[in-house]
Amino acid sequence: MQVLKFGGTSVANAQNIKKVIAIAGEAIKKDQSIVVVSALGGVTDLLLDAAMLAANGNTSFREKLKIIETRHKLCIEELIHEKHISTISEFVDKTIQDIFNLCEGLFMLGELTPRSKDKIASFGEYLSSKIIAHAFLQQECNAIWKDSRELISTNSNFNNAAVDFEKTNQQVNDFFKTQQHKLFILPGFIASDSNGITTTFGRGGSDYTAAIFAAALHADDLEIWTDVSGMMTADPRLASNAKIIPEISYQEAMELSHFGAKVIYPPTIQPVMNKNIRVWIKNTFAPEDIGTVISNEINSKQNVNIVTGISSINNISLITLEGSGMIGIPGFSRRLFESLSNEKINVILITQSSSEHSISVAIDKSVSERAVNAVNHSFSYEINLQIVDPLKVEHDLSIIALVGENMRNHTGVSGRMFSTMGRNGINVRAIAQGSSEKNISAVISTNDVKKTINVLHEEFFETTFKQLNVFLAGVGNVGSKLLEQIKNQNAVLQEKLRLNIRVTGIINSRKMLIDDAGINLQDWPALLNDAKEADFKNFINEAIALNLRNTIFVDITANPTVASIYDQLLERSISVVACNKIAASSNYSQYKKLKDLSREFNASFLFETNVGAGLPIISTINDLMHSGDAIHKIEAVLSGTLNFVFNHYDGTKKFAEVVQQAQNEGYTEPDPRLDLGGTDVMRKIMILARESGENIEMEEIENHSFMPAECMQGSVEDFYQKMEEHELHFKKLFDEANLSGKKLKFVASYQSGKATVGLQHIDSKNDLFHLYGKDNVVLFYTDRYKDQPLVIKGAGAGAEVTASGVFADILRATKL
Ligand code: ADP
Ligand code: ASP
Ligand code: MG
């Protein structure tokens, strides 16, 4: 004997039922088979909605019932041959009429009891099983329909009845033993109490019906046919990378289903586990897929994962009982749980603080009000004495559970779980770990469920990719180059680093585009062009609301508003990669605040390209400092623009023209006066000093500017104009150096807490002398690099290298 159960989607319409008939047709070639069916997908909801509306005096219940009628009629028209249709058609009409009558009764009465709810809900399975049995019969299949209510006896706990196994097993055996049919078709979900009144097992309960038959008859197999190809590592609707679990133990399947894996109704496992009956989860729409087998015989080679699956339950409320009076006094928890159990409130998770100061219990939201009343009543004496606080209740929570028998053989699983969640800014409200170590569960905000499932799935299952979500502000020269580099490099990153970078948002001064499935980098310019008007605040709000995992915000603007948002992002564990220097070079307290937030919320704040474009300058300081070195002195040429200008200027072309050329080639800041006046270099040496551990502000840096004061007043146009007028001044600077065989370099230095910038004459023996084009050079004198400095040298400006520096920061922010 084998038992096959087909769920709501599998029998949703005639087309699907034909697939069911084909599968069952194959099954009976092997052995006698029992087919248990659900209601046509969605019908139970419709029935219960109609009943609720009717009881509330809302006449729209009739429309709901009409939909039910149409669905069943359409189904039989498409499924049953004309020759055979009249009997089933009459049956459907009569049953629908019964449902109408019942709902009219509820409408008149204005009430819906648990008992009438079960009666109404039972019609879904009653109709579907009759129709499907009829479809088998028209094929002259040796089949028979039987009402499960005549075989399964329960108590009278309507909506969630408990089976009387002794009586049920006897009835089931008595019936099937006397039958020679090849195939039996029965409704799932429904049973009857000792008075013959209809009861149900609760939503999703058809799986349980099938398990009851399988266990009673010692069936060889129980097959649960549904719309997915097996039990998966996570709910596929939440984690698109979820994978089929080929084999799983009864215990693990039970844990996963108890913690929300809807693919199997939680009580289903118990009866079949006791009889060691294998359970298969199979896909009606892909019957050739192997599916999942649930049993005691796990082939350890297949099951190499530490974690078997992740699941979640929504609609959780957390109630907390706390107060000074609880310390050391026995009986508090007993009284708490007693008052919950008296109210028949199911406790899903419990945590107790080690000081015994508080006990938190997770329960379903629908019973939270009852729980609060019951517990407050039970502790009213202590609450009045103020030794216990009134029960605290929090809503909109969910439970997330990691399940796997292998977890007990590995240390550090919970550490990995919680650090992964922490890195993504997921706040954990309560934690429980079963002593069997098969399950670690945590209470989190419902908003975070999808993100949590995905980051945990990545952490524990994905040998494929870790996904990064990048939001980019600024797509000028550098931003465009960055997008090109990401596009070209993504395949390599996937292969070498198991990293998949998705650009999820782009904003420039005109437009903004957000797509949480990832923006197509082949044609982002066109997509951005067609996108909505830029609104930076909305852009950030949307980025935050999406609550995506591994999010990195990249700022390639020079905009103070953009820089002012970093703290809000870091506080939500969103990493910030800034090409924009404003934040790192603002006052020290702001710089320090961002660094501290980055540490506190485990999000990176990186700005390598603030100094020396793509050169690894800041990362080198960090490496030196982290490994215990100390930086005593820095000498550097840090302005690509100024180096370009002084390398190209010899009086043949005007100074202003050379500056203009540097601007045209994209080396200068948007406002070139920041470069020429030395402000940009001051910011850079300040950032290097700060990264070396110095608390330093802009005002403390000496700037020996070579620019005539007059050039720095007015607009950028005035600036070019005035430089022309002062050409002689620049020529003189050049000649003085040139006559003594020296070069002009705008040098930044830092030593013993002091930083200076200014133009210097550099002779050919100096490390700074051989510096060409727009190159930068930095010399570090440290404990370890005492006599000869550590030198970093190369292009210090340019879109391509700057973009590559930003790219490197993005990769660093993933904490590989
Ligand atoms: P049926 O109507 O066939 O009983 P259900 O809707 O009750 O089907 O259960 C199947 C659904 O369970 C799947 O479509 C899937 O969305 C959901 N599901 C949740 N968690 C899991 C999981 N871990 N593995 C597979 N499916 C899951
Ligand atoms: N039809 C019932 C429900 O939708 C039972 C089931 O499908 O398992 O909950
Ligand atoms: Mg189900």
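User: Is Phe184 buried or exposed?

Analyst: A residue counts as buried under 20% relative accessible area, as exposed over 50% and as partly exposed in between, with a 1.4 Å probe and protein chains only. By that rule Phe184 is buried, at a relative accessible area of 0%, and Phe175 is buried too, with 12% relative accessibility. This is a predicted model, in which local features need pLDDT of at least 70 and side-chain atom pairs count only at pLDDT 80 or more, while totals for chains, interfaces and linings use all residues. Residues are numbered from 1 along each chain as its sequence is written, chains are lettered from A and ligands numbered from 1 in the order in which they are written, and side-chain values use heavy atoms, leaving out hydrogens and water.

User: How many aromatic pairs are there by the ring rule?

Analyst: Rings of Phe, Tyr and Trp (its six-membered ring) pair if their centres lie within 6.5 Å, and planes under 30 degrees apart count as stacked, over 60 as edge-to-face and the rest as tilted. The count here comes to 26 aromatic pairs. One of them joins Phe123 and Tyr126, edge-to-face, at 6.4 Å centre to centre with 70 degrees between the planes. The ring centres of Phe175 and Phe184 are 6.2 Å apart and their planes lie at 70 degrees, so this pair is edge-to-face.

User: Which residues do ring pairs link into a cluster?

Analyst: Ring pairs connect Phe646, Tyr649, Phe655, Phe706, Phe730, Phe734 and Phe746 into a cluster.

User: Which residues surround ligand 2?

Analyst: A residue is near a molecule if one of its heavy atoms lies within 4 Å of it. For ligand 2 these residues are Ser38, Thr44, Glu125, Phe189, Arg203, Gly204, Gly205 and Ser206. A polar side-chain atom of Ser38 is 2.9 Å from an oxygen atom of ligand 2, and a backbone N or O atom of Ser206 is 3.0 Å from an oxygen atom of ligand 2. On its own ligand 2 has 260 Å² of accessible area, of which the protein covers 86%.

User: And what surrounds ligand 1?

Analyst: Ligand 1 is surrounded by 16 residues, and the closest are Thr226, Asp227, Met232, Arg237 and Lys262. A backbone N or O atom of Met232 lies 2.8 Å from a nitrogen atom of ligand 1, whereas an N or O atom in the side chain of Arg237 is 2.9 Å from an oxygen atom of ligand 1. Taken alone, ligand 1 exposes 570 Å², and the protein buries 90% of that.

Technical notes:
Polar contact = N/O pair within 3.5 Å; in protein donor to acceptor, adjacent residues only side chain to side chain. Areas by Shrake-Rupley, 256 points an atom, 1.4 Å probe, with all protein chains shown as cover.
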